Amino acid sequence: MTRKPLTVAVVGATGVVGRTMIQVLGERHFPAGELRLLASGRSAGSAVSLDGRTHEIGEATADAFDGVDIALFSAGTEVSAALAPLAVARGATVIDNSNAWRMDPAVPLIVSQVNPDDAAFHEGIIANPNCSTMQLAPVLMALRDGVGIERVVVDTYQSVSGTGAEAIAELEGQIRAHVGGSPKEARVYPHPIAFNALPEIDVFLENGYTREEWKVVTESRKILHLPELRLSCTAVRVPVFVSHSEAVHVETTEPITVERARELFAAVPGVVVQDDPAGHVYPLATQAAGRDEVFVGRIRRDPSVERGLAFWVVSDNLRKGAATNAVEIAEVIAERGWVARASVRAASGDAGRSGGAV
Ligand SMILES: NC(=O)c1ccc[n+]([C@@H]2O[C@H](COP(=O)([O-])OP(=O)(O)OC[C@H]3O[C@@H](n4cnc5c(N)ncnc54)[C@H](OP(=O)(O)O)[C@@H]3O)[C@@H](O)[C@H]2O)c1
């Protein structure tokens, strides 16, 4: 870890992901000298309570980033697009959880155990991938490195916490309405999510995919350094509170046995194989919730293609899918002396300098 305690800001600190970020920073004893919690003007002056401690919320304005070393952003794409460059201009390095910067070629897009070295070239903004991409990348990396990947088909079963606090309240409200025999009101989603499965996450694009599905395609290619990877995705919202599940079908370059796939997956840091169908053991959303690992099971040969493998991947979308990976990126840049922008480190002649205020 870096020698000097860092000043860390969390933008979106009242949100589902922001609150989890604060919790994860504490759990992992991140060396933050000062923690600055920011949200919209609506929340400024209020407080969030976590682990028995009360934190006051400030308004996320450009001035709020004076003296900040690392700013973890989780307040939506518009806020990140507008505010992240202002934070960088004030000297902060932004780790951004939104969709604003992920596909910018100048911005590293990092899954901590897949491509941490890419963080070295950052110029002030590092992007945290979409939650569905996040849990897929470590298992695809294992296959890429072990046997090569030709094609991937992934279908997601995504929890409502992926949409935020209002969606969690909407599912709860619709379950209560159902039990009470009243109509289910849908405001966040276009249809009731309770007792349903909605094949619409984010907006529809001209190619017929949703933006969520297309994020999985483009972000996976960038993270895995496989720009030509053939990948297709159907993303579905399901009435689960926390954790995304994914059914994945991969056509590999070299042949692979189920036993070899288990070994490759188990060797990835942060990946846990749970695969004993006879004992009804496989990854479950409820069991993954609150955990930082990516769980994989139901590993089997896919006989529909010559070298096919099918499996099921589950992870907590708020933790590894968002907050934990953002904090892990902060740990990587703090440990490796990459808090300062690459050009600033190069100009100072010290590629390893952490820089404190940069
Ligand atoms: N949930 C997930 O699984 C997940 C995973 C990956 C990425 N993300 C991304 O993370 C971001 C936040 O998600 P969430 O689920 O935490 O949403 P959320 O629960 O709705 O929280 C939104 C947060 O953004 C803040 N905010 C809104 N407008 C703001 C403004 N103008 N200036 C400053 N702060 C503002 C809110 O503050 P107020 O309380 O003051 O309104 C709140 O803290 C989104 O970009 C989302 O796409 C979420």
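**Figure 1. Helix α1 lies across strands β1, β2, β3, β4 and β5**. Helix α1 covers residues 16–27, β1 residues 6–11 and β5 residues 70–73, and the helix runs at about 50 degrees to β3. Helices (H or I, at least four residues) and strands (E, at least two) are DSSP runs, numbered from the N terminus. Contact means heavy atoms within 4.5 Å. Angles run from 0 to 180 degrees between N-to-C directions, with axes fitted as lines to C-alpha atoms, for helices over the stretch in contact. The model is predicted: local features need pLDDT of at least 70, side-chain atom pairs count only at pLDDT 80 or more, and totals for chains, interfaces and linings use all residues. Residues are numbered from 1 along each chain as its sequence is written, and side-chain values use heavy atoms, with hydrogens and water left out.

**Figure 2. Seven strands form an open sheet with mixed pairing**. The strand order is β3-β4-β2-β1-β5-β6-β7. At the edges are β3 (47–50) and β7 (125–127), each of which pairs on one side only. From one strand to the next, the twist averages 30 degrees. Two strands pair if DSSP finds at least two bridges between them. Strands β2 (residues 32–39) and β4 (residues 53–59) run parallel and are joined by three bridges; Ala-39 stands opposite Glu-59 of β4. Helix α2 (residues 77–89) lies across β1, β5, β6 (93–96) and β7, at about 180 degrees to β5.

**Figure 3. Strand β5 is covered on both faces**. Ile-70 and Leu-72 are buried on one side, and Ala-71 and Phe-73 are buried on the other. Buried means under 20% relative accessible area, exposed over 50%, and partly exposed in between (1.4 Å probe, protein chains only). Four bridges pair β5 with β1 in the parallel sense, and Leu-72 of β5 is the bridge partner of Val-10. Strand β5 also pairs with β6 in the parallel sense over four bridges; here Ala-71 stands opposite Val-94 of β6.

**Figure 4. The ligand is surrounded by 26 residues**. The closest are Thr-14, Ser-40, Arg-42, Ser-43 and Ser-161; a residue is near the ligand if one of its heavy atoms lies within 4 Å. A polar side-chain atom of Ser-40 lies 2.5 Å from a ligand oxygen atom. A polar backbone atom of Gly-15 is 3.0 Å from an oxygen atom of the ligand, and a backbone N or O atom of Val-16 lies 3.0 Å from a ligand oxygen atom. Of the 900 Å² of accessible area that the ligand has on its own, the protein covers 77%. Accessible areas come from the Shrake-Rupley method with a 1.4 Å probe.

**Figure 5. A six-stranded open sheet also has mixed pairing**. Its order is β9-β8-β10-β13-β12-β11. Strands β9 (230–237) and β11 (271–273) each have a single partner strand, so one side of each is left without a neighbour in the sheet. Neighbouring strands are turned by 20 degrees against each other on average, direction ignored. Strand β11 runs parallel to β12 (residues 294–302), to which three bridges join it; Val-272 stands opposite Phe-295 of β12. Helix α5 (residues 211–224) packs on this sheet, touching β8 (149–158) and β9, and its direction makes about 145 degrees with that of β9.

**Figure 6. Glu-328 is buried in the model**. This residue belongs to helix α8 (residues 319–335). The relative accessible area of Glu-328 is 14%. Not counting residues up to four places away in sequence, Glu-328 touches Arg-28, Ser-112 and Lys-320.

Definitions and conventions
A polar contact is a pair of N or O atoms within 3.5 Å; within protein, one must be able to donate a hydrogen and the other to accept it, and residues adjacent in sequence count only if both atoms are side-chain atoms.
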